[in-house]
Amino acid sequence: MSNAKNEIRLFAPATVANVSCGFDVLGFCLDSIGDEMVVRKTGKKGIFITKIEGYDLPYVASLNVAGVSALAMYATLDIDYGFEIEIYKRIKPGSGVGSSAASAVGSVYGMNELMGGPFNKVQLTTFAMKGEALASQCEHADNLAPAIFGGFTLVKSVQPMDILQIPSPSDVFATIIHPQIEIKTADSRAILPKVVALSDAIVQWANVGSLVHALHTSDYELMRRSLKDVIVEPYRSKLIPFYHEVKDAALQAGALGAGIAGSGPSIFALSKGKDTALKVQDAMRALYATTAIPFETYVSKINTQGIKIL
Ligand code: HSE
């Protein structure tokens, strides 16, 4: 079955959702971390997960994030063939850097390419959100949008899907530390309050607005003043060992800001320039090396392309 027309290999990137102040709406795409996936046409109708490497995940399409998003798209099609999906998982599930989003996006992007691109990126995000919902028990697109569009994105609404691409200043670099513990998104959503104080909401929406403005104008000092989260961080930081110590170390090393990557446990920092991002990485490593918890770190430029064909 496999020739160039029937098969496609993809890089599905990791992403950081929330970006401190923008819970469920802001996100950015990473360059150096991601999964590989192969999507292939098959004569048999349906969606089939035929290979998974890296982590132990379900092969039944309706139980697999990549399978569910693929099925959501497939249900809208009138075709006499199906698709096989291979997943080479490098992003640990439950790491906070969009593992489920990468899988959800990879299958629908690959199918769309093999069919000649009948769907646009907004439609792909809508299909992928069905897969994301399987993992987090909630429909949100703040990891999916940057994985598909690249760069920084703002999900203005999911119903109808409305996504804004925000400029990524070329000097912004991300540093990530991933403590090797798992936090399920559903669990870290369950601990959040259902209502927030108006005084906190005012601070938060001022920060979202100013962060978006800072990205448009490459105003790094405004980014520094905006990368703050007074609503979600106080709850979720309790789930992440040494969170405040790592954040302080990153800020002291020169980061513009630091926060919880998505629903954690990864912690991200944004810096101006790669040298500072590397210093931030050293500071995060030095701090975590004093704990008994294994960890990994990454430095990445902002990936403005998003998912791509290999
Ligand atoms: N916005 C989501 C959350 C991202 O923080 O729960 C994680 O999937």
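Modeller: Let us begin with the two domains, whose bounds come from an automatic or database domain assignment. The centres of domain 1 and domain 2 are 24 Å apart, taken over C-alpha atoms. The assignment places domain 1 at 7-166 and domain 2 at 172-301. Please note that this is a predicted model, in which local features need pLDDT of at least 70 and side-chain atom pairs count only at pLDDT 80 or more, while totals for chains, interfaces and linings use all residues. Residues are numbered from 1 along each chain as its sequence is written, and side-chain values use heavy atoms, with hydrogens and water left out.

Colleague: How many residues does each domain bring to the contact?

Modeller: Contact means heavy atoms within 4.5 Å. By that rule, domain 1 supplies 29 residues and domain 2 supplies 39 residues.

Colleague: What is the area buried between domain 1 and domain 2?

Modeller: Buried area is the accessible area (1.4 Å probe) that two parts lose on being put together, summed over both. Here it is about 2,500 Å², and carbon and sulfur atoms give 67% of it. On the side of domain 1, Ser20, Cys21 and Phe23 lose the most area to domain 2, together 23% of what that side buries.

Colleague: Which polar features cross the interface of domain 1 and domain 2?

Modeller: Two rules are needed. A salt bridge is a side-chain nitrogen of Lys or Arg within 4 Å of a carboxyl oxygen of Asp or Glu. A polar contact is a pair of N or O atoms within 3.5 Å; within protein, one must be able to donate a hydrogen and the other to accept it, and residues adjacent in sequence count only if both atoms are side-chain atoms. Across this interface there are 2 salt bridges and 8 residue pairs in polar contact, both residues being at pLDDT 80 or more. The elements that give two or more residues to the side of domain 1 that touches domain 2 are β1 (7-17), β2 (26-42) and β5 (152-158). Of these, β2 gives the largest share, 7 residues. Such labels denote DSSP runs, with helices (H or I) of at least four residues and strands (E) of at least two, numbered from the N terminus.

Colleague: How many salt bridges does the structure hold, and which residue does Arg40 meet in one?

Modeller: The structure holds 13 salt bridges. Arg40 meets Glu86 through their side chains, at 2.6 Å from N to O. Because Arg40 lies in strand β2 and Glu86 in strand β4 (residues 82-88), the pair ties together parts that are 46 residues apart in sequence. Both Arg40 and Glu86 are buried; buried means under 20% relative accessible area, exposed over 50%, and partly exposed in between (1.4 Å probe, protein chains only).

Colleague: Are the residues of the Lys247 and Glu233 pair buried or exposed?

Modeller: Lys247 and Glu233 are both buried. Their closest N and O atoms are 2.9 Å apart, in a salt bridge. This pair links distant parts of the chain, with Lys247 in helix α9 (residues 243-252) and Glu233 in helix α8 (residues 233-236), 14 residues apart. Elsewhere, salt bridges that share partners join Glu7, Arg40, Glu84 and Glu86 into one network.

Colleague: Which residues touch the most other members of the largest nonpolar core?

Modeller: A nonpolar core is a set of buried Ala, Val, Leu, Ile, Met, Phe, Trp, Tyr and Cys residues joined through side-chain atoms within 4.5 Å. The largest has 73 residues, of which Val19, Leu26, Phe28, Leu30, Phe83, Phe152 and Leu270 touch the most other members. Helix α2 (residues 99-114) gives the most to this core, with 8 residues. At least three residues come from each of domain 1 and domain 2. A second, separate core has 16 residues, including Ala258, Met284, Ile293 and Phe295.

Colleague: Where is Phe152 found, and which residues does Phe152 touch?

Modeller: Phe152 is found in strand β5. With a relative accessible area of 2%, Phe152 is buried. Not counting residues up to four places away in sequence, Phe152 touches several residues, among them Val19, Phe28, Leu215, Leu270 and Ile302.
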